[in-house]
Amino acid sequence: MGRTWQDMEAFEAFLDDGGIVEVDDHMPDEYRHAVFTFIEMHANSEYMGGLTERDWIPKTPGLRHKMSVLAKTQDEIGHGHLLYMVAADMGIKTRTEMIEDLMAGRSRFHNVFHYKAETWGDQVAIAFLVDAAALASQQAVFKNCSYGPYRRILKRIISEEGFHMRLGEDRMRRIAEGTQIQKDIFQGALDRWFWPALQLFGPDSKPDDKLLRWHIKSERNEVLRDKWVQKFVPMMHSYGFVVPASDLAYDEDTKKWDVGPIDWEPLKKTLAQGGPDSARRIREARDNWEATAWARRCLDGAAV
Amino acid sequence: MATYEVFLKKDGKDEYRHAGALDAANDELALVMARETYIRRAEGNRVWVVNREHLLMAGDDFISPNADKPHRHHDGAAVAARRKAAREADSSEAGNDE
């Protein structure tokens with residue numbers, strides 16, 4: 001079953017023509033592996049993000065916010081699940097293999113989940129800055145994604161991420177209208193999260209980026225990053241906060257903000273599992289996976 | 001564990017649409033998983049959950065013999081051309097009256 005292409009050239013012509021690849025098509029191995037790795041990293045990131053969110057359920061101030069954090073935690077873990085299903089169907093690794101690789105530190109997840117959320121302010125900054133950056137990246141993939149199953153599942157994920165981003169901005173608004181202590185805590189969080197959020201987009205795309213050529217990504221990293229800067233720098237200012245970029249400059253001619261040179265070393269460290277909080281994050285995810293093994297055993301026992 | 005496919009439908013004109021897949025230990029848990037994973041924000045009023053093993057699937061090879069059946073279509077081109085010619089004849093007669 002499924003379609004076959006004579007060679008890579010024919011396959012790429014199909015993609016350039018707006019063709020959508022389905023799971024049972026005989027796609028080139030290179031494409032299959034590149035798309036799989038991309039989806040696996042997305043799935044891992046949703047999962048690790050869900051665990052971060054879960055850490056804050058007991059500590060979230062106020063019942064209404066606590067309920068939102070519960071909903072968001074379920075969203076993130078759910079997104080992980082949806083994406084693992086799509087990735088597993090590509091026939092490279094099973095869902096369990098992907099989770100075990102994640103727990104063993106053998107596969108990657110996004111840089112932002114290698115840092116520690118110190119205060120409630122950090123959680124708000126993450127929801128505001130990081131969720132927005134993740135959403136922008138996902139929208140750019142959804143726009144033109146050539147792998148059908150991923151594109152369809154992204155539609156649902158994006159609509160839920162929109163809820164998270166609105167939640168984040170609303171929490172920031174409350175803090176901006178709050179006491180000086182609240183504002184100081186949040187400024188500290190912005191200082192910690194601005195750069196990791198910006199680095200989430202990655203360094204400038206290489207000219208031969210396969211994900212661009214194969215219509216997985218629809219936009220270059222630097223373009224998405226710049227759009228985020230143009231949107232979030234003025235927004236942080238409008239709420240009365242300082243953008244933690246010492247070289248921040250506004251160009252009157254282009255009407256654009258420039259954050260100055262970007263240090264990519266921290267991103268590289270997180271990709272090698274060497275971020276400030278990588279070891280604890282992976283360890284706790286593994287402890288949690290092992291501590292819930294009984295539940296999976298019960299479910300297996302219920303199988304008919 | 002078995003893999004299930006989830007289809008959702010909103011009340012109204014829309015048809016059932018494929019939403020995605022899930023892994024579950026049995027049928028009852030598959031329904032619970034479908035609700036908690038795919039129907040958390042009014043994405044549908046009805047759901048079908050199907051064990052993937054029970055789906056009958058066919059691809060191009062099976063369907064393609066059906067694609068080459070011109071006698072199942074009619075483009076109506078000859079009739080349309082006749083009507084067009086009649087309209088044009090009418091309007092040129094109307095033009096002669098002026």
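How many bridges join strand S1 (residues 2-9) of chain B to S2(B)? There are seven, and the two strands run antiparallel. Keep in mind as you read that this is a predicted model.

## The sheet of chain B

Let's start with the strands. In general, the strands of a sheet pair through backbone hydrogen bonds, either parallel or antiparallel. In chain B, three strands form an open sheet in the order S2-S1-S3, with antiparallel pairing. At the edges you will find strand S2 (17-24) and strand S3 (46-51) of chain B, each of which pairs on one side only. Neighbouring strands in this sheet are turned against each other by 25 degrees on average, direction ignored.

## A helix across the strands

Next, look for helix H1 (residues 27-38) of chain B. Helix H1 of chain B lies across S1, S2 and S3 of that chain, and its direction is at about 125 degrees to S2(B).

## Where the two chains touch

Now bring chain A into view. Here, 15 residues of chain A are in contact with twelve residues of chain B. Helix H3 (63-88) and helix H12 (293-302) of chain A each supply at least two residues of the side of chain A that touches chain B. Which helix gives the largest share of that side? The answer is H3(A), with four residues.

What kinds of residues make up this side of chain A? They divide into eight nonpolar, three polar and four charged residues.

How values were computed:
Residues are numbered from 1 along each chain as its sequence is written. Chains are lettered from A and ligands numbered from 1 in the order in which they are written. This is a predicted model: local features need pLDDT of at least 70, side-chain atom pairs count only at pLDDT 80 or more; totals for chains, interfaces and linings use all residues. Two residues are in contact if their C-beta atoms, placed from the backbone, lie within 7 Å. Ala, Val, Leu, Ile, Met, Phe, Trp, Tyr, Cys and Pro count as nonpolar, Asp, Glu, Lys and Arg as charged, and the others, Gly among them, as polar. Two strands pair if DSSP finds at least two bridges between them. Axes are lines fitted to C-alpha atoms, for helices over the stretch in contact, and angles run from 0 to 180 degrees between N-to-C directions.
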